[in-house]
Amino acid sequence: MKDSYEWGPPPPQKPDNIPEFGFAKFTETDQSFVPIKEQSRVGYIHYVKRPGWEGYVRCIGEGCEFCNQPGQKREERVFLPGYLLEEARIGIFSVTDLRRPGSLLPQLERVLCSDEKVMITVRRTSMTTFKVRTQSLNPGDDDGEAAIEQFRKKCDAGEINTLTVTPAYTEAEIAGLSVTPALCAR
Amino acid sequence: MRQIINSVAGLADFRQRWNGPAVLALLSQFGRMVITWAIGVGKSFNVSVVIAAALKGGDYDLVVALFPTKNVIAEITLPDDACVVKLKGRPRNKCGALDSRWSKLEVKNLGLLGRSELCQLCSHFHECFWPEQFDKKNLFGAQIVVGTHAQLSVNPYFIDTITKKVGAQKVLVIVDEDGFAMGSFRRRVSSQELEMLTTVIESLDLNDGLIGAWVHCLSLLTGADTEFLRCYDWSIPAMSGKLLLSVQRQGVEQFGDDFCTPIYSLMAFTRSPLESREKTENGDLVFSLVPEVDTDFIVYSGTTNPEFLDYRLGNCFKAPFKDTRFEHPETRWYNIASKTGMKKYFPNNSKQILDFYAGLIAKRVSEGKRILLLSKKVFIPFCVEELQARLAMQGLPVKIVTGTLDEGVVSDPKNIPLVNFGIIGVNLFQEFDCVFCLNGYFVNEKLVSGLLQDTLASDIEIPVEITCTNTRPYRRSARAVNTNDRIYDVNTLAPQALFQLEMSVVLQAVGRVRPYTSPAEIITFQLSENPTGYTQEFNTLEEARQFFGVASGREVRMNSVIEVVQAAKSKGLKQRQAAEETGYSLSTIQRHWHRGLNTGEE
């Protein structure tokens with residue numbers, strides 16, 4: 001336990017200190033991140049609403065118990081990991097496959113098609129539209145390099161998977177859940 | 001794998017192979033599919049056999065079959081032993097004096113009130129199907145429900161409604177042609193309608209818990225801005241029939257003819273896409289209702305684009321026959337890729353265009369061919385008059401007929417039918433040999449944008465433009481105006497929307513003579529590709545005139561002068577005498593004294 005407060009900027013994060021990766025959301029305020037595009041994956045999810053719990057559940061493909069339920073649509077998502085500059089952690093964004101005007105995916109595709117290392121800033125402008133801006137990173141800027149490297153290594157080693165950010169609950173497991181996790185709910 | 005069916009035997013094999021069970025086996029793999037067989041391949045027959053097989057095989061307990069018009073329904077054969085309900089429009093002729101009052105109520109969505117109050121007064125009430133047509137007791141247990149596309153336009157959740165009333169578990173939906181998916185999905189509830197409805201519901205003196213819930217919802221909808229409307233959490237309760245009737249009755253009592261109930265649309269509001277919802281500056285509520293296609297679903301259409309159908313309905317339609325092409329080896333398809341066929345330019349160029357067609361019609365009639373003429377509706381009276389005059393001048397004993405055409409009129413070889421491009425599902429012209437489009441069929445940006453973006457609110461919509469190539473043959477296309485917007489699907493699908501609105505309509509109309517399965521000569525006047533290709537394209541009318549060996553109008557008129565002059569000459573008259581007898585000037589007589597007829601052929 002610390003007994004004195006250290007004034008000054010926080011020390012740079014070491015790979016060992018990287019917090020667990022989790023969901024990240026775009027809101028009405030700017031969210032800036034450094035994308036880890038080669039670890040992005042296409043996955044499928046179901047929105048499940050049960051008494052006391054609602055949220056997204058990962059579709060496990062063959063044998064998925066939600067796929068055959070009437071009215072239960074399987075939705076496609078692109079899961080894009082990024083280093084969140086504000087929170088100094090890795091977060092996974094779940095991006096719908098919508099391509100309507102103002103949708104996120106086409107705008108991200110446009111900025112992610114180059115290999116230049118950029119910082120992306122996204123702001124949600126309405127329930128269905130987003131504004132995407134990019135900015136080049138200057139030398140010395142926090143680009144989350146260490147955290148990104150650690151994330152990449154773990155992914156390559158198979159220790160973590162971008163898609164597992166969405167839980168693969170079963171009906172029985174959902175029945176045992178009582179509180180809707182804020183980040184899983186719409 | 002690409003397959004071309006271009007022989008009688010090949011077509012017969014194809015039809016035999018794709019019988020009812022085979023089509024249903026295909027459907028079981030995909031759930032939703034579009035059968036893109038060309039017009040004339042046998043879609044109507046296939047619909048009949050698929051319906052029969054669906055019930056016989058026991059896979060389905062209800063088949064809902066929807067068609068573009070009631071005339072098409074009349075051509076469908078349904079199994080004798082099945083319980084069939086054919087949904088029909090109100091029998092207006094039987095409504096007699098009540099019809100006008102009924103029509104007013106229909107427009108205002110007050111059908112329940114009409115059934116309750118007007119039908120009771122009618123002398124046909126006890127034997128009329130209409131009042132109870134949609135009642136559960138009429139529909140329960142039905143195996144086949146047949147109707148027109150209009151059912152889906154009025155109620156996008158029609159399939160769900162019918163399924164519940166029938167009590168069916170496994171439903172197959174068959175829709176002939178894709179018109180149901182290409183109409184507007186947009187709904188508008190005006191601020192006045194919301195206000196009137198609130199006043200009416202608040203004033204109801206009923207002990208119904210839903211009244212409070214509806215007053216609350218209406219107050220929220222009235223006060224909501226666009227952002228609030230786009231929340232996921234809206235919940236609007238369904239209204240019982242009894243309460244609905246009370247609202248309609250009270251509304252008419254309070255507001256008379258001004259009352260219009262948007263209740264059905266409001267009950268469906270929660271199912272509208274979030275991005276379609278909007279509160280306009282004057283307080284109107286705008287949103288879109290997309291037909292629901294959650295069950296096993298087959299669309300039969302030879303002119304639809306599966307990708308575009310997906311876009312419109314938000315569902316994945318497989319197109320197992322997209323690589324199968326149908327063509328008759330003797331069919332010749334020509335296209336005049338000239339702007340002179342456009343509405344804007346046709347009036348100034350109609351003289352030359354109609355001269356050309358009059359000459360070609362004369363040739364084909366002399367060969368014993370039957371001809372169908374197509375035109376934009378607005379030009380039909382003009383074309384009839386002008387063509388008739390030209391054909392009369394050539395001494396051709398034919399009549400251009402238009403309007404309501406029946407088999408008697410069409411079967412008379414002296415009649416040349418002229419119909420508009422909107423013709424669909426009519427089988428009167430199957431034996432015809434030629435289709436000539438007297439002008440082109442084109443649409444404007446507003447229509448293209450509407451089809452592409454009627455599920456998007458105005459703040460999300462992007463501007464769309466129609467472009468035309470500078471190189472020959474001219475081709476029209478559509479795209480987003482701003483280059484930054486070209487990353488969106490609206491831009492990607494804009495050319496398909498344009499094709500759907502222009503060329504698909506022309507293909508449907510031309511298809512009346514069955515050019516894919518029987519020999520036909522077609523001349524279109526479009527600035528678009530033909531999916532099956534053109535035999536030859538002409539950049540100008542002049543090129544077409546030369547190809548077909550048709551004399552120009554000027555040449556035709558000159559020929560008639562030459563004929564008169566030559567006749568005078570052969571009678572042994574001198575030039576001066578010929579001038580006196582024919583009324584032509586001496587110089588005209590002298591000019592044509594030694595000339596032969598101009599045939600227009602090279």
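**View 1. Contact between chain A and chain B in the predicted model.** The contact draws 14 residues from chain A and 17 residues from chain B, where contact means heavy atoms within 4.5 Å. This is a predicted model in which local features need pLDDT of at least 70, side-chain atom pairs count only at pLDDT 80 or more, and totals for chains, interfaces and linings use all residues. Residues are numbered from 1 along each chain as its sequence is written, chains are lettered from A and ligands numbered from 1 in the order in which they are written, and side-chain values use heavy atoms, with hydrogens and water left out. About 1,500 Å² is buried between chain A and chain B, 59% of it on carbon and sulfur atoms; buried area is the accessible area (1.4 Å probe) that two parts lose on being put together, summed over both. In chain A, the residues that lose the most area to chain B are A:Arg100, A:Pro101 and A:Met127, together 44% of what that side buries.

View 2. Between chain A and chain B the count is 2 salt bridges, a salt bridge being a side-chain nitrogen of Lys or Arg within 4 Å of a carboxyl oxygen of Asp or Glu. A:Arg100 forms a salt bridge with B:Glu275, with the closest N and O atoms 3.9 Å apart. A:Arg100 also forms a salt bridge with B:Asp489, where the corresponding distance is 3.5 Å. The latter pair crosses from helix α22 (residues 489-501) of chain B, which holds B:Asp489, to the loop between β6 (89-96) and α1 (104-112) of chain A, which holds A:Arg100. Helices (H or I, at least four residues) and strands (E, at least two) are DSSP runs, numbered from the N terminus.

**View 3. Parallel sheet of chain B.** Seen here is an open sheet of 7 strands in the order β14-β15-β13-β16-β19-β12-β20 (chain B), with parallel pairing; two strands pair if DSSP finds at least two bridges between them. Because β14 (399-401) and β20 (536-538) of chain B stand at the edges with a single partner strand each, one side of each has no neighbour in the sheet. Neighbouring strands are turned by 20° against each other on average, direction ignored. Strand β12 (residues 332-336) of chain B is joined to β20(B) by 3 bridges, and B:Ile336 stands opposite B:Phe538 in β20(B). Helix α24 (residues 541-548) of chain B packs on the sheet, touching β12, β19 (521-524) and β20 of chain B, and its direction makes about 130° with that of β20(B). Axes are lines fitted to C-alpha atoms, for helices over the stretch in contact, and angles run from 0 to 180 degrees between N-to-C directions.

**View 4. Backbone geometry in two loops of chain B.** Most residues other than glycine have a negative phi, and most peptide bonds are trans. A cis peptide bond joins B:Arg472 and B:Pro473, with omega about -10°; B:Pro473 is placed in the loop between β17 (464-468) and β18 (476-480) of chain B. B:Asn109, although not a glycine, has a positive phi of about 60° and lies in the loop between α6 (99-107) and α7 (111-121) of chain B.
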